[in-house]
Amino acid sequence: MLSFILKRLFIIIPMALLVITLTWALIRIAPGSFYSGEKQLPPAIEENIKKKYGLDKPWYSQYLLMLGNVTCRTLAEGEVTKNGLQFSIGQTTVKCFDFGDSLKYQGQSVNEIIRRHLPYSVTLGILAYLLALVIGLAAGIIAALKQNSPLDYGSMALAMLGLSLPNFVLGPILVLVFALGLHWLPPARWGNLSNVILPVITLAAIYMAYIARLTRAGMLEVMRSDYIRTARAKGLNETTVLLKHGLRGGIIPVVSFTGPALAGLLAGTVVVEKVFAIPGLGNIFIQAVLNRDEPLILGIVAFLSILIMIFNLAVDISYGFLDPRIRYE
Amino acid sequence: MTNHNGTILTVNDLKTYFQTEDGIVKAVDGISFQLQKGETLGIVGESGSGKSVTNLSVMRLIPEPPGKIVNGDIIFDGIDVRELAIDEVRKIRGKRMAMIFQDPMTSLNPFLRISSQLMEVTRLHLGHNKKQAYDHAIKMLKTVGISDAEERIDSYPHEFSGGMRQRVMIAMALSCDPELLIADEPTTALDVTIQAQILELIKDLKARMGTSVILITHDLGVVAGMTEKIIVMYAGKVFEQAPTRELFATPANPYTKGLLKSVPDPAHEQGKELYQIPGLPPDVAHLPPGCPFAERCGYVQEICRTEYPPFIQINEDHHSLCHFAREVYAESVQERQAK
Ligand SMILES: Nc1ncnc2c1ncn2[C@@H]1O[C@H](COP(=O)(O)OP(=O)(O)O)[C@@H](O)[C@H]1O
Ligand SMILES: [Mg+2]
């Protein structure tokens, strides 16, 4: 088990490097750059800036420099920077995970920007995740139990709707109805709990719907299985049969979905934060892309991809707790 | 209610139908039998003949919909099971009548420890506390021949072999010392050597605990040494019914004769291909007007295709559903004497 976790953690390193490399390359290949904006800089100044960020060097030197910064490298003689994680071994100082300064937000490091804006996205993401899980599971179980009843048809119709409405449509509709129409909730921005409700529902809807459908299908499948018949033959009541014998097997498909769901939630925050004007990581990411703020793009992509990989590992581990037949090798 | 005649189970004209897209499947269509206390009844028939549905009906375990018991009486120790509220049925299930199933690989819950699956039965029906239930579970595992029960009780089903799992199923079924044990093809999914062990175990436990047993199988060879009487099922109907000895010696139905011929005989030459009744069982959703076995029968006459056969009494406890039951019986007696 432990060796499985270590092995998987270890694999994250080359995967992350690959993601970083591809992102870096894509930014380079795409035409234009941070400096090709509307404001034309005097050539001398542009030269200076390029020199400062090492953009005058050939691409492979730039690549190696970037790689050294975002992983680990020793500080050069006389180099002063507060960025990244720094520690000393004897005379030499080592610096790790430094994504540099943002090009747009002068004097602010990428790490600092991520740290500042992450809490908004995490709050949205976790709340949406919990909402999707709780409502999705409950609706799925009830639908399966009352198969072909109005309750079943009703919740599945709602799920179908949730699946087919993209969040950039659902968000504005919710705002129109509950904020601008009924004045129950604020239409946008960050503040107290009432600000969170609409964006969280917008973000969660599609996953709620998907989890409800997965749960229903999983439960229906399991409740037909031989061991459920055995449980009934023992004289157990339906609640015990369902919760003690059925649920574990029934929600395994849902667990498999939680990995992709997280990735989707993170991507979803990009849109939802934009719709609701929330200063989270997603919103910053859009800005970074529009600004061609290379270090910031790289930092956010690297951070999110590592987050997703760690979460997928957590999902794989949780299988083992659900299903004793799974062996980690 | 105590009973005077020592009958534990009476099934009378049971009909269980399934509503399917293909029409109404008459899975069980007028089955009757009686089981005395301490007796073992064999139910034999090809796959799809309605053996499982008959016994699931007795336990009220038919999935509804699509299934429904549409007719008949099921009297268990004087209790009309069909009329019982489902909560009352649950008090009987697992306690007074228990069932073991064909596939021990899928019949135990893969997600729960053996201990948990065993303990929940006696905690429910016998009011055991955790400690009592745990000790009882170990005792039951030992009873079914798992000698290292203490070490293995907290394992998961996948850590057991097929034969061991079936032992666990039997331990579970017998936990509350039921009066009726229904074993639905308990050895079909197992290796031949394990089969013999499991059958021996059931026989032994039955003798010790005095349980009445219904043993379901598609293999007449399995029931030979195990049962007092046998009913042979085909297309949801009883085709023949007789004491075991008599059924083997002098069958009065062509279908039974076919089944007997297809029993593997270790005394016979090894390489010889096993006999199989020609053709396939009929679609019970669309039965022809005559005898459902007619198309596969070596004795078939014109009348078999047009008229439904009568249930002819041969001897006191021996009945056969066939237009020519007496002739077939006479032939069997002759063959018997010739040997
Ligand atoms: N849940 C069900 N839905 C529809 N048909 C069923 C169902 N269960 C059993 N049947 C039908 O009932 C008939 C008898 O099945 P079964 O009792 O399982 O046969 P056996 O146990 O003798 O092999 C079969 O034709 C089968 O297709
Ligand atoms: Mg069967």
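Chain B and chain A bury about 2100 Å² between them, and carbon and sulfur atoms account for 61% of that. Buried area here is the accessible area (1.4 Å probe) that two parts lose on being put together, summed over both. In chain B, the residues that lose the most area to chain A are Arg90(B), Phe111(B) and Glu120(B), together 33% of what that side buries.

Before going on, a word on the model: it is predicted, so local features need pLDDT of at least 70 and side-chain atom pairs count only at pLDDT 80 or more, while totals for chains, interfaces and linings use all residues. Residues are numbered from 1 along each chain as its sequence is written, chains are lettered from A and ligands numbered from 1 in the order in which they are written, and side-chain values use heavy atoms, with hydrogens and water left out.

**Where the chains meet**

The contact (heavy atoms within 4.5 Å) draws 25 residues from chain B and 21 residues from chain A. Two salt bridges are counted between the chains, each a side-chain nitrogen of Lys or Arg within 4 Å of a carboxyl oxygen of Asp or Glu. A salt bridge joins Lys244(A) and Glu120(B), whose closest N and O atoms are 2.9 Å apart.

On the side of chain B that touches chain A, helix 4 of chain B gives the most, with six residues. Helices are DSSP runs (H or I, at least four residues), as are strands (E, at least two), numbered from the N terminus.

**Around ligand 1**

Now to the ligand. Of the 14 residues around ligand 1, those that come nearest include Gly48(B), Ser52(B) and Val53(B); a residue is near if one of its heavy atoms lies within 4 Å. Each of these three has an atom facing an oxygen atom of the ligand, as tabled here.

| Residue | Its atom | Distance to an oxygen atom of ligand 1 |
|---|---|---|
| Gly48(B) | polar backbone atom | 2.7 Å |
| Ser52(B) | side-chain N or O atom | 2.7 Å |
| Val53(B) | backbone N or O atom | 2.9 Å |

The protein covers 67% of the 560 Å² of accessible area (Shrake-Rupley method, 1.4 Å probe) that ligand 1 has on its own. Helix 1 of chain B gives the most to the shell around ligand 1, with three residues.

Note on methods
A polar contact is a pair of N or O atoms within 3.5 Å; within protein, one must be able to donate a hydrogen and the other to accept it, and residues adjacent in sequence count only if both atoms are side-chain atoms.
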